[in-house]
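Student: I have a model open and want to go through it with you. Can we start with the surface and then work inwards?
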Amino acid sequence: MEIDGVFSGGGVKAIAFVGALQVAEAQGMCFKRTAGTSAGAIFAALISAGYNSTDIKQLIHDVDLKEFLDPRRLSIPFPYMKWLSLYRKLGLYKGKKMEDWIEEVLAAKGIKTFADVPEDSLKIVASDISNGRLIVLPDDLERYGLLPERFKIAKAVRMSASIPYFFDPIKIYDHMGKKNYIVDGGVLSNFPIWLFQDKKNNSKRPVIGFQLRPSQFDQQPNKINNAISLFHGLFDTMMDAHDNRHISEAHSTDIVFIPVKQISMVNFDLSEQVIDELANIGKENTEKFLRNWRSNRFGIYTKIKSKKSSL
């Protein structure tokens, strides 16, 4: 069964997608198109390149995630220089090691640029904070004077995964020579299911979203009682408010909600046990979802068909 898949951001929590993919594959599902933000963009790119859940799980076990934290060398080894560097470079880590790893694993499948994957099969979301707009790659590259067929997918994923202040933003120059700063797509759309959703349900194939949060109908209100909780509330709202407008109660039946709360999204020092636990969380939630998904989807389309026939 062919489906389109959308993967949310969530840092290292996205390892839970491995288990979700295992279940989807066991059910005979294959992805025709994929889209994602931040860590979800990594999964979207790997799936588009032809990696399956077993391959991706092995890739994660083989790589030392701590290597992705590549701080720049400081000429003066004083503690405050780290924060001065953040002030000047806009990120604690360069992010080059992560980009290199993505480029390497894609190259192993013969994938380098967007010309190497089927047209419209991969969509990656990033945020242009210089111009205050969301961008979808490769669709919006031409507005910067860049050719999609020559643009590296690894670079696009790196743009989408540039967690503000954690990884350096990516600088791209348009055809006028103007410098634009690109950061994590989660700033404006952490779960871009709207890319593939059809409000009239006329899509060629089912769209299933994989989100690393509880359902919006199950989420608890943010408790604001100090400056730190205010920041968390602002950040959560920033990431989710835009996307939640596109998730109606009907559309939510096509989303696998995978609540992962026990680890930080930027904890790159994970044991193999924790990696396996994350995969199991994704597996359990996807199994639960798919037990009802087929009947729910059939019921929705039956109602729509009946409504149309009565008009």
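Tutor: The accessible surface of the protein comes to about 16,300 Å², and 53% of that belongs to carbon and sulfur atoms. Accessible areas come from the Shrake-Rupley method with a 1.4 Å probe, and for residues only the protein chains shown count as cover. The model is predicted: local features need pLDDT of at least 70, side-chain atom pairs count only at pLDDT 80 or more, and totals for chains, interfaces and linings use all residues. Residues are numbered from 1 along each chain as its sequence is written, and side-chain values use heavy atoms, with hydrogens and water left out.

Student: What share of the residues is buried?
Tutor: Of the 311 residues in the protein, 49% are buried. Buried means under 20% relative accessible area, exposed means over 50%, and partly exposed is in between (1.4 Å probe, protein chains only).

Student: How many helices and strands are there?
Tutor: Eight helices and ten strands. Helices (H or I, at least four residues) and strands (E, at least two) are DSSP runs, numbered from the N terminus.

Student: And what share of the contacts joins residues at least 24 apart?
Tutor: Among contacts between residues at least 6 apart in sequence, 77% do. Contact means heavy atoms within 4.5 Å.

Student: Next, α1. Why is it described as largely enclosed?
Tutor: Helix α1 covers residues 16–26, and eight of its eleven residues are buried, so it is largely enclosed by the rest of the structure.

Student: Which ones are buried in α1?
Tutor: Ala16, Phe17, Val18, Gly19, Ala20, Leu21, Val23 and Ala24. Just after α1, Gly28 takes a positive phi of about 80°.

Student: Which residues other than glycine have a positive phi?
Tutor: Ser38 is one of them, with phi near 55°. Asp120 is another, at about 65°. Most residues other than glycine have a negative phi, and most peptide bonds are trans.

Student: Where are those two, and are they buried or exposed?
Tutor: Ser38 is in the loop between β2 (30–37) and α2, and it is buried at 4% relative accessible area. Asp120 is in the loop between α5 and β4, and it is partly exposed at 42%.

Student: Where is the cis peptide bond?
Tutor: It joins Leu137 and Pro138, with omega about 10°. Pro138 sits in the loop between β5 (133–137) and α6 (153–160).

Student: What does Ser160 touch?
Tutor: Leaving aside neighbours within four places in sequence, Ser160 is in contact with Gly36, Thr37, Ser38, Ala41, Ile124, Val125, Ala126, Asp184 and Gly185. Ser160 itself is in helix α6 and counts as buried at 0% relative accessibility.

Student: What about Pro118, buried or exposed?
Tutor: Pro118 counts as exposed, at 58% relative accessibility. Pro118 is in the loop between α5 (96–107) and β4 (122–128). Its C-alpha atom is 9.4 Å from that of Lys32, 86 residues away along the chain.

Student: Last topic. How many cavities are there?
Tutor: Three of 30 Å³ or more. On a 1 Å grid over the protein atoms alone, a cavity is a set of points where a 1.4 Å probe fits but cannot get out, and lining residues have an atom within 4 Å of a point. Grid points are joined across faces, edges and corners, and a volume is the space filled by probe spheres set on the points.

Student: What is the volume of the largest cavity, and what lines it?
Tutor: The largest cavity holds about 310 Å³. Its lining has 19 residues, with Gly11, Val12, Ala39, Ile42 and Phe68 nearest its centre. The largest share of the lining, four residues, comes from α2.

Student: How does the lining split by class?
Tutor: The lining has 17 nonpolar, two polar and no charged residues. Ala, Val, Leu, Ile, Met, Phe, Trp, Tyr, Cys and Pro count as nonpolar, Asp, Glu, Lys and Arg as charged, and the others, Gly among them, as polar.

Notes
1 Å grid on protein atoms, 1.4 Å probe; cavity = no way out; pocket = protein on both sides within 12 Å on 5 of 7 lines; lining within 4 Å.
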